[in-house]
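Hi everyone, thanks for making time. I'd like to walk you through one structure today, so let's get it up on the screen.

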Amino acid sequence: MRPEPGGCCCRRTVRANGCVANGEVRNGYVRSSAAAAAAAAAGQIHHVTQNGGLYKRPFNEAFEETPMLVAVLTYVGYGVLTLFGYLRDFLRYWRIEKCHHATEREEQKDFVSLYQDFENFYTRNLYMRIRDNWNRPICSVPGARVDIMERQSHDYNWSFKYTGNIIKGVINMGSYNYLGFARNTGSCQEAAAKVLEEYGAGVCSTRQEIGNLDKHEELEELVARFLGVEAAMAYGMGFATNSMNIPALVGKGCLILSDELNHASLVLGARLSGATIRIFKHNIGTEFHCVGQTGLELPTSVDPPALASQSAGITDMQSLEKLLKDAIVYGQPRTRRPWKKILILVEGIYSMEGSIVRLPEVIALKKKYKAYLYLDEAHSIGALGPTGRGVVEYFGLDPEDVDVMMGTFTKSFGASGGYIGGKKELIDYLRTHSHSAVYATSLSPPVVEQIITSMKCIMGQDGTSLGKECVQQLAENTRYFRRRLKEMGFIIYGNEDSPVVPLMLYMPAKIGAFGREMLKRNIGVVVVGFPATPIIESRARFCLSAAHTKEILDTALKEIDEVGDLLQLKYSRHRLVPLLDRPFDETTYEETED
Amino acid sequence: MATATEQWVLVEMVQALYEAPAYHLILEGILILWIIRLLFSKTYKLQERSDLTVKEKEELIEEWQPEPLVPPVPKDHPALNYNIVSGPPSHKTVVNGKECINFASFNFLGLLDNPRVKYNSCTSIKAAALASLKKYGVGTCGPRGFYGTFDVHLDLEDRLAKFMKTEEAIIYSYGFATIASAIPAYSKRGDIVFVDRAACFAIQKGLQASRSDIKLFKHNDMADLERLLKEQEIEDQKNPRKARVTRRFIVVEGLYMNTGTICPLPELVKLKYKYKARIFLEESLSFGVLGEHGRGVTEHYGINIDDIDLISANMENALASIGGFCCGRSFVIDHQRLSGQGYCFSASLPPLLAAAAIEALNIMEENPGIFAVLKEKCGQIHKALQGISGLKVVGESLSPAFHLQLEESTGSREQDVRLLQEIVDQCMNRSIALTQARYLEKEEKCLPPPSIRVVVTVEQTEEELERAASTIKEVAQAVLL
C-alpha cells in the first residue's frame with residue numbers, strides 16, 4: 001500500500017456499447033480522452049481530501065473492448081443464422097421440412113394464438129441448434145466433480161433420449177458451489193438428516209399462520225449475527241426474496257434506482273412495487289471513483305491502453321449520481337412532488353459480468369443524497385471477504401451502512417432460500433408486511449439445518465477452521481484461475497476477486513462449440529448468449545469453488561487452453577506477461593503512469 | 001449575358017412597383033417594418049424560468065428529507081409476534097410450548113409426518129427424502145439450466161404428468177412462484193385476463209407482473225363473467241384487427257383459498273369455447289383433495305383435463321413437500337422452460353424435497369381411499385360447526401380448508417380481528433391449534449373479511465373433530481356473547 005496520487009486502479013475500458021456518460025451535459029455525450037484527462041487533473045485537487053481512501057484495497061476490474069473484427073463477424077454470424085431461420089421457417093410452412101414442435105389442439109385452432117410467432121423465432125431457429133448445452137441433467141452431488149446423464153437427440157435437439165449411460169466425474173465449473181458445501185457427507189448432511197427425521201420435509205403453512213418453527217427463529221438469529229446486523233428474516237426462495245419484499249419496502253411515489261444489469265428477480269420486485277424505476281449504467285464508477293485514492297495499490301500489471309481509456313471515465317459524473325441529483329432536485333415527473341424515498345438496488349457480484357459492485361462509492365452517494373441501499377448478495381455472500389461475510393466485508397465497510405442486506409442460501413451455503421438482514425425496525429416491518437411471510441410456505445426444516453450448520457462452519461463456531469480455509473481456498477482459486485486464463489489470452493470480464501469468471505466467446509456458433517468441446521473433455525461449463533447477455537457478448541461462465549483442487553483447476557485450464565486454440569477464442573490484445581509473482585517495483589509503476 | 005438578365009429582372013421589378021396599387025404597397029411597407037422590428041427587438045423569453053443554479057440545487061438536495069425506509073410497527077401489531085412451533089408441524093404439534101391438535105396446517109393427507117410404514121407403502125416420505133439427501137446433499141447450487149437439473153426433478157415431472165394424465169409437467173421451487181410466474185409467461189401487455197374476485201394473492205401478483213388488462217368478475221358468478229366476455233366480444237367486433245392478437249384468459253381457482261368454495265368448472269369450460277378464452281386453473285387447495293384419485297377439480301367434475309389450458313398447484317399442501325408445478329399440454333407447458341421467470345432464474349428444488357413429493361405421489365396412488373376419508377371428515381366437522389351463534393361457516397363442505405367468519409361484523413376490522421384472535425387463543429389453550437387467515441390488508445385487491453381458517457386432515461380422528469367443533473362452539477359463545 002502506498003499513496004498513489006494520480007493513478008487509478010479501477011481498470012475499466014470503455015465498452016463498445018457503454019459509452020462513458022458525462023453527467024454535466026447529458027448521458028451519451030462522449031468526451032475525448034485528452035479533455036477528460038485534463039479535467040481529471042483539475043478535479044483531482046478538489047476531491048483528493050474528501051474522498052481519498054474510499055477503497056481500502058485494490059479494485060481491479062476489466063471489461064476489455066470487443067475487437068472490431070470480432071464484433072463484425074458476430075453480427076454476420078447472427079445474420080446468417082437469421083437468414084437460415086427464415087429459410088427453414090419457409091420450408092416448414094410448406095411442409096418440406098418436418099415440424100418437430102408441439103402444436104395447438106385441434107379444438108382450439110381458432111383461438112387467438114398463444115404465442116407470437118416472432119417470439120419463438122429465436123428459440124426455434126437459434127436456441128434449438130445448441131439446446132444440448134443447457135439443462136444437462138445430473139445425478140450426483142453438484143460438487144467439484146459431477147455425474148452427468150448422457151443424452152442424445154435424433155431430431156436436432158427437439159427431443160432428447162437418455163442413453164442410460166452416465167458420464168462420470170465431469171469437472172463441474174458451472175454450479176454456484178462457491179464454498180464447497182454441496183456435499184452428501186459430513187456434518188451438514190448429518191445435521192440435515194437428523195432434522196429431516198425429526199421434522200419432515202415440508203411445513204404446510206406460512207410463517208404468519210402456523211409455519212413458524214423454532215428452527216426458523218434459530219436460523220434468523222444466526223443470520224443476523226453472521227451479517228453483523230440487528231435482525232434478519234429468511235425466506236423459502238431467493239428469487240422470491242427479492243420479488244416479494246421490494247414491494248413491501250417501496251411503492252407509489254417512491255423511486256427505485258436500479259443497475260442496468262440487475263437480476264430478473266430485482267427487476268420483477270421493482271416492477272411489482274409500483275414505484276418509478278430508473279436505470280443507471282452498470283458499475284461505471286461515480287465522480288468519487290479513482291480520484292486520488294490514497295490507500296490504493298497499483299495493480300501488478302497495468303496495460304497502458306486500458307489505463308488511458310479508464311481515465312476518461314474519472315471525472316465524468318456518472319449515471320447514478322446524476323440520477324440521484326436530478327431525482328431530488330426535480331422530484332416526481334408531472335406532479336413535481338418530492339419523492340417519498342429513493343431506493344438503490346445493486347448486487348454484490350454480478351453473475352453474468354463477474355464484476356463486483358463499487359460499494360464504497362455507492363455508499364458514499366447514498367449517504368450524500370439520503371437514499372436507501374438494497375444490496376443483493378446472492379453471489380457474494382460467503383464468496384467474498386476474508387471471513388466470507390460478503391462484499392461489505394470485502395471492502396471493509398460497516399454493514400450498518402447498507403439498509404437492506406439481501407442474499408441467498410442457494411450458493412455458498414449449498415441449500416436454498418434467501419434472507420434479508422438489517423435494522424430491527426426493518427425486519428419487524430417485513431415480518432408483518434412481507435408477501436412471503438403472509439402467503440408463502442416457510443423454509444423446509446432440513447434445508448434450514450443445512451444453512452445453520454454451514455453458516456456456523458464459516459463462522460468457525462463448529463470448532464474447526466474448515467470454513468475459514470474454504471473461504472481462503474476460494475479466493476486463491478479465483479485469483480489463480482483468472483490469472484491463468486488472462487495469460488492464455490482470453491478476454492475475461494470482471495473483477496479479479498470475483499469467483500464468477502466470464503470468458504468471452506462472442507460468436508453464436510462458438511457458444512455451442514465451446515460447451516460441447518468442453519463436455520467432450522469431461523468438463524461441464526455454462527455458456528450463455530442472448531438474451532441473458534447483450535447480443536454480441538456471448539460468453540462461457542466458470543464458477544469457482546473451494547472444492548476445486550489445484551489439480552482439477554489445472555486440468556480444466558489445460559483443456560480450456562486447448563479448446564481456446566481450437567475455436568480461436570484468444571481475442572485479448574492486452575496479454576499479461578505471465579510473471580505475476582514479480583514483485584512490484586518503482587519502474588513498473590513509472591512506466592504505467594503515462 | 002448574366003448581367004443583361006439581371007438588369008431585365010430589375011426593370012421588371014421597378015415596373016411592377018409602379019403598377020401595384022397603393023394599398024398593396026402600404027401593406028408591404030408595414031410588413032417590412034414589422035420584420036425589422038422583430039429582428040432588432042429584444043429577444044422574447046418564452047418562460048420566465050431560468051435553470052436552477054448549482055447552489056440552488058445543493059440547497060434542494062440539502063433540504064430533502066426522505067420518509068423512513070419502513071414505518072414503525074406498533075408493538076401490539078397482530079402479526080408481529082409469530083406462533084412458535086417446536087418440533088414437527090404435524091398432527092399433534094407444540095405451539096408456543098403447548099401441545100395441540102393441529103387444525104391449521106394444510107397437511108390434508110397427513111403426509112408430512114409419517115414415521116410408520118403406513119398405507120401399505122413400503123417406505124415413508126421421510127425415508128425417501130433421507131435417501132435422496134444422502135445421495136445429492138441438500139442444495140442444487142444452480143438453476144435448472146445450469147447443472148441444476150437432477151434426475152429426481154425429471155422423475156417428479158414425469159410422475160406428476162402421469163398422475164394428472166397430462167402431457168407434461170414443470171416444477172418450480174416455490175409454491176407461490178408457480179402461478180405467479182406462469183401467468184406472465186403467457187399473458188402480456190394488451191392481453192385480457194378475466195379473473196375471479198376471490199382469487200388468491202399469488203394470482204394477483206402474477207397478473208400484476210403480466211401487465212395485462214384485468215377484468216374482475218364476481219366470485220363464482222358465471223353470469224357476471226359472461227357479461228364481461230360479451231362486452232369484450234362487442235369491443236372486439238369494433239376493432240377486429242386488435243382482437244386477432246389479443247389473447248384472452250380466464251383465471252380461476254379450483255377450491256378458493258380465500259373462501260373455501262369450489263369453482264363451477266363445467267360452466268367455465270362452456271364459456272371458454274363460446275368466447276375462445278383459455279382457462280388457467282389454480283389447484284393448490286384442490287390437488288390431492290378432490291376427485292376419486294385426488295386429481296383435483298377436473299376429476300371431481302369429470303372434465304377432460306385437456307380442456308383446461310394450464311393447471312397449477314403447489315406441492316406444499318397435500319403433498320407436504322415444498323415447491324409447485326404446472327401441468328398441461330406440451331404446447332403450453334414447455335414455453336415456461338424459457339419464459340417462466342421463477343423457473344429460469346431461480347435455483348431448482350432441493351432434490352430431497354422432490355424425492356419427498358414423489359413418495360407422496362406414490363402414497364396417493366396406492367391409497368386412493370384416503371380422498372374419500374378426507375371428504376367424509378370435512379363433511380363431519382362442517383356439519384358440527386353449523387349453528388354457532390355469532391360465527392358462520394364459509395366454504396364448501398367438501399373443502400378441507402374453510403373459514404369461520406363473524407356473523408355480524410362489529411363495524412371495525414381491527415375489532416373483528418381481535419375478537420377472532422381471542423377465539424383462536426382460547427382454543428389454543430384448550431389444545432386446538434387454529435389460525436386466522438392472514439392477509440396483507442392494503443395489498444389485497446378484494447380483501448376478504450377476517451376469519452378463522454379451519455383445516456381438516458385425515459389424521460384427525462372423529463373424536464378430535466368432535467372435540468374441536470365443541471371447543472370452538474364453547475369458546476365462541478364465551479367470547480362473542
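**Where the two chains meet**

Okay, so the contact here, meaning heavy atoms within 4.5 Å, takes in 112 residues of chain B and 118 residues of chain A. Before I go on, a word on what you're looking at: this is a predicted model, where local features need pLDDT of at least 70, side-chain atom pairs count only at pLDDT 80 or more, and totals for chains, interfaces and linings use all residues. Residues are numbered from 1 along each chain as its sequence is written, chains are lettered from A and ligands numbered from 1 in the order in which they are written, and side-chain values use heavy atoms, with hydrogens and water left out.

How much area is buried between chain B and chain A? About 10000 Å², with carbon and sulfur atoms giving 64% of that. Buried area is the accessible area, taken with a 1.4 Å probe, that two parts lose on being put together, summed over both. On the chain B side, B:W64, B:Y82 and B:Y147 supply 10% of what that chain buries against chain A, more than any other three residues.

Between chain B and chain A the count is four salt bridges, each a side-chain nitrogen of Lys or Arg within 4 Å of a carboxyl oxygen of Asp or Glu. One of them joins the side chains of A:E209 and B:R453, at 2.8 Å from N to O.

Which helix gives the largest share of the side of chain B that touches chain A? That's helix 4 of chain B, residues 125–136, with seven residues. Helices here are DSSP runs of H or I with at least four residues, strands are runs of E with at least two, and both are numbered from the N terminus.

Let's look at a pair of helices. Helix 9 (residues 222–238) and helix 11 (residues 265–275) of chain B pack at about 5 degrees, with their axes 11 Å apart. The axes are lines fitted to C-alpha atoms over the stretch in contact, and angles run from 0 to 180 degrees between N-to-C directions. So helix 9 of chain B counts as roughly parallel to helix 11 of chain B, the word for angles under 35 degrees. Among the residues making the contact are B:L225 and B:L229 of helix 9 and B:L268 and B:L271 of helix 11.

Over in chain A, the peptide bond from A:F530 to A:P531 is cis, with omega near 5 degrees. You'll find A:P531 in the loop between strand 14 (526–528) and strand 15 (538–543) of chain A. And A:Y156, though not a glycine, has a positive phi of about 55 degrees; A:Y156 lies in the loop between strand 2 (145–152) and strand 3 (161–172) of chain A.

Key:
Angles under 35 degrees count as roughly parallel, over 145 as roughly antiparallel, 65 to 115 as roughly perpendicular and the rest as oblique.
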